[in-house]
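Take a walk through this protein, starting with the overall fold and ending with single residues. Keep the structure open as you read.

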Amino acid sequence: MSAAERRDIPTARRVVVKVGSSSISGDNAHKIAPLVDALAAAHGRGTEVVLVSSGAIATGMPYLLLDERPSDLATQQAAAAVGQNVLIYRYQEALRPFRIVAGQVLLTAGDLENATHRSNARRAMERLLGLRILPIVNENDTVATHEIRFGDNDRLAAMVAQLIGADALVLLSDIECLYTRPPDEPGAVPIPRVAYGDDLHGFQFGSVVVNSVGTGGAATKVSAARLAAASGIGVLVTSADLVAEALAGDEIGTWFQPNPEPAAPAATGPVRTAVDRMAR
């Protein structure tokens with residue numbers, strides 16, 4: 001059942017959490033540990049957790065002796081190939097004390113647009129969750145091209161939440177909540193809640209931000225949140241530093257109320273494998 005309010009997140013059956021590059025790479029690489037602590041606590045309550053993590057390119061940059069995000073596709077792909085390996089290792093090391101195993105899932109936009117690939121991706125994640133594995137999803141930057149990219153992992157997270165029938169989506173940012181205009185501008189007011197169908201055209205969320213390590217910004221989070229909310233998935237946008245409070249259902253961040261009457265989702269029940277059939 002979809003989380004209708006923030007307080008429903010701790011008891012949600014299935015939650016997708018998205019974290020951006022700047023929150024877990026470079027000088028913030030140490031923040032992987034508290035992020036994993038919060039995910040492990042939710043996992044321990046019985047929640048099925050999927051992490052959508054950016055950061056492959058940013059993590060790989062130091063190994064390629066790069067001071068800023070490369071602009072050419074080939075170097076981005078090379079940085080991603082190196083960084084994804086290191087990133088997953090860091091997550092698994094942080095998960096080890098909790099005896100939780102991570103499963104890597106790399107997707108391209110084409111995978112979720114192709115019916116067969118989409119079905120295969122859903123089947124794989126359903127099986128991982130059924131085995132109590134924590135899927136860690138990222139865009140497959142090593143093979144993705146500019147023409148077929150998701151654009152940002154906020155959108156990827158919303159699409160993954162739709163794919164697996166998540167009850168809630170938590171989009172982690174650099175700020176505690178969304179504001180009516182950039183928070184450093186006079187007159188900026190926090191937005192604690194967005195009711196389904198609210199008109200947000202009067203607010204100034206800015207354009208997509210491309211910084212030294214990643215892409216995204218308030219505008220992409222609003223777009224992704226509305227995409228997920230339209231499918232009946234409650235969405236919380238808040239700071240990565242408040243992930244524990246977010247998963248505990250505290251009154252923080254900006255809550256996007258889910259559509260109370262979404263279209264019927266595709267079936268997301270247990271997937272029977274060949275091994276299961278042989279065991280019967």
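The model is predicted. The protein has 10 helices and 12 strands. It has 280 residues, and buried ones make up 50% of them. Now look at contacts with a sequence separation of 6 or more. Of these, 74% join residues 24 or more positions apart.

Start with the sheet. In what order do the strands of the open sheet run? The order is S3-S4-S2-S1-S5-S11-S12-S8, which makes 8 strands, and the pairing is mixed. The edges are S3 and S8 (193-194), and each of these pairs on one side only.

Helices cover parts of this sheet. H4 packs on the sheet and touches S1 (14-19), S2, S3 and S4. The direction of H4 makes about 150 degrees with that of S3. H7, residues 153-164, also packs on the sheet. Its contacts there are with S1, S2, S3, S4 and S5. The direction of H7 makes about 170 degrees with that of S1.

Is S4 mostly covered or mostly open? It is mostly covered, with 6 of its 6 residues buried. Leu-134, Ile-136 and Asn-138 point one way from S4. Pro-135, Val-137 and Glu-139 point the other way. Both sets are buried, Asn-138 and Glu-139 included.

S4 has a partner on each side. S3, residues 102-107, pairs with S4 in the parallel sense over 6 bridges. In this pair, Leu-107 stands opposite Glu-139. S2, residues 48-53, also pairs with S4 in the parallel sense, over 2 bridges. Here Val-52 stands opposite Val-137.

Why is S5 described as largely enclosed by the rest of the structure? The reason is that 6 of its 6 residues are buried. Ala-168, Val-170 and Leu-172 point one way from S5, while Leu-169, Leu-171 and Ser-173 point the other way.

S5 also sits between two parallel partners. S1 runs parallel to S5, and 4 bridges join them. Lys-18 stands opposite Leu-171 in this pair. S11, residues 234-239, runs parallel to S5, residues 168-173, and is joined to it by 6 bridges. Leu-172 has Thr-238 of S11 as its bridge partner. Ser-173 stands opposite Ser-239.

Now turn to a pair of helices. Two packed helices are described by the angle between their axes and the distance between the axes. H7 and H8 (residues 218-230) pack at about 10 degrees, with their axes 8 Å apart. Angles under 35 degrees count as roughly parallel, so H7 is roughly parallel to H8. On the H7 side, the contact is made by Asp-154, Arg-155, Ala-158, Met-159 and Gln-162. On the H8 side, Thr-220, Lys-221, Ala-224, Leu-227 and Ala-228 make it. By class, this contact has 5 nonpolar, 2 polar and 3 charged residues.

Ser-231 lies in the loop between H8 and S11. Its relative accessible area is 32%, so Ser-231 is partly exposed. Leaving aside neighbours within four places in sequence, Ser-231 is in contact with Gln-162 and Pro-262. Ser-231 and Gln-162 are 69 residues apart in sequence, yet their C-alpha atoms are 6.8 Å apart in space. Gln-162 also belongs to the H7 side of the helix contact.

Val-237 is in strand S11. With a relative accessible area of 1%, Val-237 is buried; the cut-off is under 20%. Beyond four places in sequence, Val-237 touches Leu-171, Glu-176, Cys-177, Leu-178, Lys-221, Gly-253, Thr-254 and Phe-256. Leu-171 is one of the S5 residues described above, and Lys-221 is one of the H8 residues in the helix contact. Val-237 and Trp-255 are 18 residues apart in sequence and 6.5 Å apart in space, C-alpha to C-alpha.

Gln-92 is in helix H4, residues 73-95. Gln-92 counts as buried because its relative accessibility is 18%. What does the side chain of Gln-92 have a polar atom close to? A polar atom of that side chain lies 3.1 Å from the backbone oxygen of Ile-100. Apart from neighbours within four places in sequence, Gln-92 is in contact with Ile-100, Val-101 and Ala-102.

Definitions and conventions. Residues numbered from 1 in each chain as written. Predicted model: local features only at pLDDT ≥ 70, side-chain atom pairs only at ≥ 80, totals over all residues. Heavy atoms only, no water. Buried < 20%, exposed > 50% of the residue type's maximum accessible area, 1.4 Å probe, protein only. Pairing = 2+ DSSP bridges. Polar contact = N/O pair within 3.5 Å; in protein donor to acceptor, adjacent residues only side chain to side chain. Contact = heavy atoms within 4.5 Å. Axes fitted to C-alpha atoms, helices over the stretch in contact; angles between N-to-C directions. Parallel < 35°, antiparallel > 145°, perpendicular 65-115°, else oblique. Nonpolar A, V, L, I, M, F, W, Y, C, P; charged D, E, K, R; others polar.
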